[in-house]
Amino acid sequence: MSTDTGAGTNTGAGTELRDIAEVPAVEVITTTAVHLMSAAAVKVGLADEGEELKDLDEARKLITALAGLVTAAAPEIGSQHAAPLRDGLRSLQLAFRESSIIQDAPGQGPGEKYTGPVN
C-alpha cells in the first residue's frame with residue numbers, strides 16, 4: 001500500500017496506519033478537541049484579527065461539534081482530560097453569547113443541547 005515518491009522514500013497508508021496506531025485514543029480525542037476549540041475561537045472573533053475573521057454561523061457549528069465530542073468522550077477519557085476541555089468549551093459558549101447580537105434562548109445556544117444552558 002505504500003507509494004514510491006520517486007525520491008527513494010515510501011510514504012503510504014501502511015506507514016500512516018502504523019503511526020496512528022501508536023497514538024493513544026485520549027491523545028487523538030484531545031487533539032481533535034483542541035483543533036475544534038482553536039477554529040471556534042477564531043470564528044467567534046477571539047483571534048488577533050477579531051472582526052475580520054468572525055463568522056458566528058461557522059462558530060456555532062464548531063462549538064456544537066466540540067460539545068458533542070467532549071460530552072461523549074468525557075467518560076472514556078477521564079476527568080483529568082475532560083475538565084479542561086469542558087472549561088474551554090464553556091468559555092467559547094460564553095464568548096459566542098457575548099459576540100452575538102441576537103441572543104439564543106437558554107439551552108438553545110451552540111452545544112447547549114449537549115451541555116445544558118450556559119450562564
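Tutor: G78 is found in the loop between α3 and α4. Helices here are DSSP runs (H or I, at least four residues), numbered from the N terminus. This is a predicted model, so to speak of local features pLDDT must be at least 70, and side-chain atom pairs count only at pLDDT 80 or more, while totals for chains, interfaces and linings use all residues. Residues are numbered from 1 along each chain as its sequence is written, and side-chain values use heavy atoms, with hydrogens and water left out.

G78 counts as partly exposed because its relative accessible area is 25%. The cut-offs are under 20% for buried and over 50% for exposed, with partly exposed in between (1.4 Å probe, protein chains only). V26 is 52 residues away from G78 in sequence, yet their C-alpha atoms are 9.0 Å apart.

A polar atom of the T30 side chain lies 2.9 Å from the backbone oxygen of V26. T30 also touches H81 and L85, leaving aside residues up to four places away in sequence. Contact means heavy atoms within 4.5 Å.

Stay on helix α2 and go to H35. H35 is exposed, with a relative accessible area of 56%. From H35 to L66 is 31 residues in sequence and 9.3 Å between C-alpha atoms.

V44 belongs to this helix as well, which spans residues 25-44. V44 counts as buried because its relative accessible area is 1%. Beyond four places in sequence, V44 touches K54, L56, A59, I63, A95, F96 and S99. V44 and Q93 are 49 residues apart in sequence, with 9.3 Å between their C-alpha atoms.

Q93 is buried, at 5% relative accessible area. The Q93 side chain reaches the backbone oxygen of P110 at 2.9 Å. Leaving aside residues up to four places away, Q93 touches I63, P110, G111, E112, T115 and V118. I63 is also on the contact list of V44.

Now the empty space. Rolling a probe the size of a water molecule over the atoms shows where empty space is left. The structure holds one cavity of 30 Å³ or more. A cavity is a set of points, on a 1 Å grid over the protein atoms alone, where a 1.4 Å probe fits but cannot get out. The largest cavity has a volume of about 60 Å³, where volume is the space filled by probe spheres set on the points.

Its lining is Q93, F96, R97, S100, Q103, D104, G109, P110 and E112. Lining residues have an atom within 4 Å of a point. Helix α4 gives the most to this lining, with three residues. By class, the lining has two nonpolar, four polar and three charged residues. Asp, Glu, Lys and Arg count as charged; Ala, Val, Leu, Ile, Met, Phe, Trp, Tyr, Cys and Pro as nonpolar; the others, Gly among them, as polar.

For contrast, look at D57 in helix α3. D57 counts as partly exposed because its relative accessibility is 47%. A polar contact of 3.3 Å joins the side chains of D57 and K61. Such a contact is a pair of N or O atoms within 3.5 Å; within protein, one must be able to donate a hydrogen and the other to accept it, and residues adjacent in sequence count only if both atoms are side-chain atoms. D57 and T31 are 26 residues apart in sequence and 23 Å apart, C-alpha to C-alpha.

pLDDT is the predictor's confidence in each residue, from 0 to 100. The chain has a mean pLDDT of 90, and 91% of its residues reach 70 or more. Confidence is highest in helix α3 (residues 56-77), at a mean of 98, and lowest in helix α1 (residues 13-21), at 79. Over residues 1-8 the pLDDT stays under 50, and the model has twelve contacts for them beyond four places in sequence.

Definitions and conventions:
1 Å grid on protein atoms, 1.4 Å probe; cavity = no way out; pocket = protein on both sides within 12 Å on 5 of 7 lines; lining within 4 Å. Helix = DSSP H or I, 4+ residues; strand = E, 2+ residues; numbered from the N terminus.
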